[in-house]
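Biologist: Could you walk me through this fold with the numbers attached? I'd like to ask some geometry questions as we go.

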Amino acid sequence: MLKSLSLTLAPRWRLRLTLYSALMLVVWLWIGWRPAATEQPDPTGRSATLIGGPMVQIGNTDGKTAIVIAWRTAEPATSRVDYGLTPALGSHAIDHRLTGAHALALRNLRPASRYYYRVSGNDRTLAEAVFQTGKTESELFRFAVFGDSGSGKAAQYELAELIERHHIDFILHTGDVVYPEGADKDYREKFYLPYKKLLARIPIFPVLGNHDYETQRGRPWLDHFVLPEAERFYSFDYGNAHFIALDSYHIDAASARWLEQDLARTDKTWKFVFFHEPPFSNKEDRTGSAGARRLWLPLFEKYKVDLVFSGHDHMYTRFKARKGVIYIVEGLGGYSRYRINPNAAHVEATDNSEYGFGLVEVSGLTLVFRHITASGKSFDSFSLSKPAAAARSMKKSS
């Protein structure tokens, strides 16, 4: 039919039809064979592939008017963070040096505020997220405590999702961030991916565990985090509380001097200390760290520390208060669970039936602690209160 129709057309119309057909063929070939946008070569010749983060860190900032955003790329890349109080952003921090380990400080921030941000490298957008700056001294805040987590297994992911639902402001990690030996190659699968949503929004404060130490005495751990001061031992303030992180595999006279100096300087209402190996244990074959009992506990008691958190034992345990100090083991972060010694002394509450985490809420002179199991149950809880006069005397003593 089409052939017979073309034969009846005038010569000029046959020419126009032929040209039109040729043009349609060229268009069809161009559309059908052009590369997809994602396959276009990088005009700069440089790639940037996100393999870790972005992660909110404090470093040596105050966490309220300045914070640090850290991330990892597979290839050496430039570093850029655009940020602002609205999705329009408006401010930025840039480092043009090429690196695979990125960390940029964002400054001139408002306390207790929500910021939008975008991370880029080699002119490529790598991630977009929202972070929260630290709260002021008068505001209520919540934090999660857990450790012994770095398995990369389903239990770790499930616990991370549960923690997200509790709207916390930051995390204390009691060590053994990455199993089996804290190797750099395992951070993506056993740390960055399970906690992706949490890391992009709120700070995490870890301490070194024995498994973290097994690769170059913790070198990967030191490289991945941007922590205050000397990193193995550090402290920071949040709201009306002071937090001290210790390395339980460097317990000596120097560590005790550093701890005492730090405790003597603070005038905050609440004091928290966290480290990996606990001073007391109710695991079947352990008694706890003798070094911590000998050198650190007298200082906790002298300076009236409120709560001391540890990990290492894969269970939850709250020991009876000793001279006003409460010792808690939070080691159910998702790796495995240990058997409990039923005859251990001084145990107030203990559990190994489910993975879980500690949830602490601080509101002025009142503190509420709960241990939350993976099924969402509150297994153990207690509250503490400070008299107003005691809080005032702490501030005057500074």
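Here is our chat about the model, question by question.

Modeller: Ground rules before we start: this is a predicted model, where local features need pLDDT of at least 70 and side-chain atom pairs count only at pLDDT 80 or more, while totals for chains, interfaces and linings use all residues. Residues are numbered from 1 along each chain as its sequence is written, and side-chain values use heavy atoms, with hydrogens and water left out.

Biologist: Okay, how many helices and strands does the protein have?

Modeller: Helices (H or I, at least four residues) and strands (E, at least two) are DSSP runs, numbered from the N terminus. On that count, the protein has nine helices and 18 strands.

Biologist: And what percentage of the 398 residues count as buried?

Modeller: Buried means under 20% relative accessible area, with exposed over 50% and partly exposed in between (1.4 Å probe, protein chains only). Of the 398 residues, the share that counts as buried is 49%.

Biologist: Among contacts between residues at least 6 apart in sequence, what share joins residues at least 24 apart?

Modeller: A contact here means heavy atoms within 4.5 Å. For the protein, that share is 67%.

Biologist: Let's do rings. How is the aromatic pair of Phe 146 and Tyr 195 arranged?

Modeller: Rings of Phe, Tyr and Trp (its six-membered ring) pair if their centres lie within 6.5 Å; planes under 30 degrees apart count as stacked, over 60 as edge-to-face and the rest as tilted. The structure holds 36 aromatic pairs. For Phe 146 and Tyr 195, the centres are 5.7 Å apart and the planes make 45°, so the class is tilted.

Biologist: How many residues apart in the chain are those two?

Modeller: Phe 146 sits in strand S6 (residues 141–146), and Tyr 195 in the loop between helix H4 (187–192) and helix H5 (196–201). Both Phe 146 and Tyr 195 are buried. The pair links distant parts of the chain, with a separation of 49 residues.

Biologist: What about Phe 170 and Phe 243: which kind of aromatic pair do they form?

Modeller: Phe 170 is in strand S7 (residues 170–173) and Phe 243 in strand S10 (residues 241–245), 73 residues apart. Phe 170 counts as buried because its relative accessibility is 0%, and Phe 243 is buried at 0% as well. With 5.3 Å centre to centre and 90° between the planes, the pair is edge-to-face.

Biologist: Which charged residue has its end over the ring of Tyr 355?

Modeller: A charge sits over a ring if NZ of Lys or CZ of Arg is within 6 Å of the ring centre and within 35 degrees of the ring normal. Tyr 355 is found in the loop between strand S15 (347–351) and S16, and it counts as buried because its relative accessibility is 16%. Its contacts, leaving aside neighbours within four places in sequence, include Ala 155, Leu 159 and Gly 334. At 5.1 Å from the ring centre, the charged end belongs to Arg 337.

Biologist: Why do the buried residues of H3 count as being on the same side?

Modeller: In helix H3 (residues 154–164), the buried residues are Ala 155, Gln 156, Leu 159, Ala 160, Leu 162 and Ile 163. They lie on the same side because the arc they cover around the axis, taken from the directions from the axis to the C-beta atoms, is only 160°.
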